[in-house]
Amino acid sequence: MNGIPMNSSQAMHNKIGIVGVPPLEIIRQLNEAQAIIVDLDEPQLFLPIDQSDQYLPRVYCAILRTVLLNALNLRLERIYVDVGPGKCDCALHVAAVLKDILSIPVVATRNTDTQSFGFPVCQSSLPLIEKMRRITKGVQSCQPWPQLPSCPPTAGFWGVPPRDFSILAPFPDSTHIYGWTRCMENKTPADLELESYCNPAVPTVFFAQSFCAKTALAKHLAARHPKALWVDCDVSAGSSARAKIEAFLELSGVLGGGRAAG
Amino acid sequence: MLLADFGTSYCKLLDTAQNAGPQIIPARELPRDFQADIGTGHNAKRRSTSTVNELTALARGGRRLISEPDFTLLDCGSRDIKFVRFKNGEMADMGWNAECGASMGFTIELLAQYYRLDYAAVPVPESGFSVTCGVLGLSSIFDAVAAGSSELEAAAKFVRGIARNAFRFAGSPERLHLSGGLCDNPLFTACFPCEIVPLGRFVLLEGLRASPQESFR
Ligand code: SF4
């Protein structure tokens, strides 16, 4: 683990921003200190994303543009940005920008945790949006997951939690989650083997944020998967991305309407 | 049952209770209160009792009209381009480009009106512009005309660029089935570097005929 350890009085009731999945040790300290953890990867404010243009290019990962917007406008005590194999180089560079423009401590961490916490939510029958909410929220806790019954998958969603969860709406509840989101739930964000795993038996949507390095892995895995669709989305899911997913699920027989039989 | 493919520029209608074939009506001439039983396309949600996703309608229409188990079908509309690829009778790939494919068909039609072009009389140019979007492509035409090209030559290069872009988008197949109004544009179809099988404007309507709402009646 690297980063600045904190004592409980330092964090007591203070808002601490996190980006990505900081090492478990950091989360444990924050939990012990009862810090309020704010996930800066998610939209926290109703502000136009263009306000991040002052510091980041417009053609850039929408998650990190959101991070910047949150960091500029929330009153935070400090920020932990995970960089390196558990996140991405873009986060490393954005951490450097944040260090430069903010007056609060910005701590870059490199999460290489290997202790598996499992991924019951990814394999549960909860609606996909709810699965995603629980997994992203789960990053703020160092506790193991409560048990959840698993369901057999009928579809797969591979990728990172999207900036706009609305693209998840067309999926059936029996969709299993793969990719980095599964690593997130497992609390091993740098586990490339787990990230690269997908299930060839179920039609799978391979998703990446536009302008993210993971688009290469998403496209590659989709090309090797027998029934796959690869999509990328920027700030919000356009109607063509949503329609593509909907048609893919319909034509693969996952959703009502069945196959395109003539 | 009234089926409708609500395109951006034209609406294609088919009344399955009548023996007459499909009709084409300019979208702006459609009565405000017009309602179809099953619709697809732009505006379908507002104007039909039930809707079918455009890609789903395209795929189903392709399966009804094309007898081969392996095919690529590309639909070039006014506003967007989309394709489906089938392998062994199963959907293998698909794509929908409403952003970078924006307004290609619309711009081709607009150009013909503006420059009074008859695309049947325009020879296929040796080279084309690199065009990814109808709107952005327009500036290449204006630049070429300003640099001394004839309007006809510049428009032809634009059409070739659009066809090549659509071809790459569909995965560069050796044989391509084409759907949509641009099937009737001889310059456009001749600009593809592969064998083209034009299926006309009613492929999505054919897909609606295959929709469960229609078949369970
Ligand atoms: S979506 Fe990709 S580029 Fe953006 S923060 Fe996540 S890993 Fe980095």
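Reader: How do the residues of the shell around the ligand divide?
Author: Into five nonpolar, one polar and two charged. The model is predicted: local features need pLDDT of at least 70 and side-chain atom pairs 80 or more, while totals for chains, interfaces and linings use all residues. Residues count from 1 along each chain as written, chains are lettered from A and ligands numbered from 1 in written order, and side-chain values use heavy atoms, without hydrogens or water.

Reader: What makes a residue near the ligand?
Author: One of its heavy atoms must lie within 4 Å. The surrounding residues are A:C61, A:I63, A:L64, A:K87, A:C88, A:Q209, A:C212 and A:K214. Lys counts as charged, so A:K87 and A:K214 are charged.

Reader: Why is β1 of chain B said to pair with β2?
Author: Pairing takes at least two DSSP bridges. Five bridges join β1 (2-6) to β2 (10-15) of chain B, so the two strands pair. They run antiparallel. In β2(B), B:L13 is the bridge partner of B:A4.

Reader: What order do the five strands of the open sheet take?
Author: β3-β2-β1-β4-β5 in chain B, with mixed pairing.

Reader: What makes β3 and β5 of chain B edge strands?
Author: Each pairs on one side only.

Reader: How many residues line the largest pocket?
Author: 41, with A:W230, A:K244, B:M94, B:G95 and B:F169 nearest its centre. A lining residue has an atom within 4 Å of a pocket point. β8(B) gives the largest share, eight residues. The lining divides into 20 nonpolar, eleven polar and ten charged.

Conventions:
1 Å grid on protein atoms, 1.4 Å probe; cavity = no way out; pocket = protein on both sides within 12 Å on 5 of 7 lines; lining within 4 Å. Helix = DSSP H or I, 4+ residues; strand = E, 2+ residues; numbered from the N terminus.
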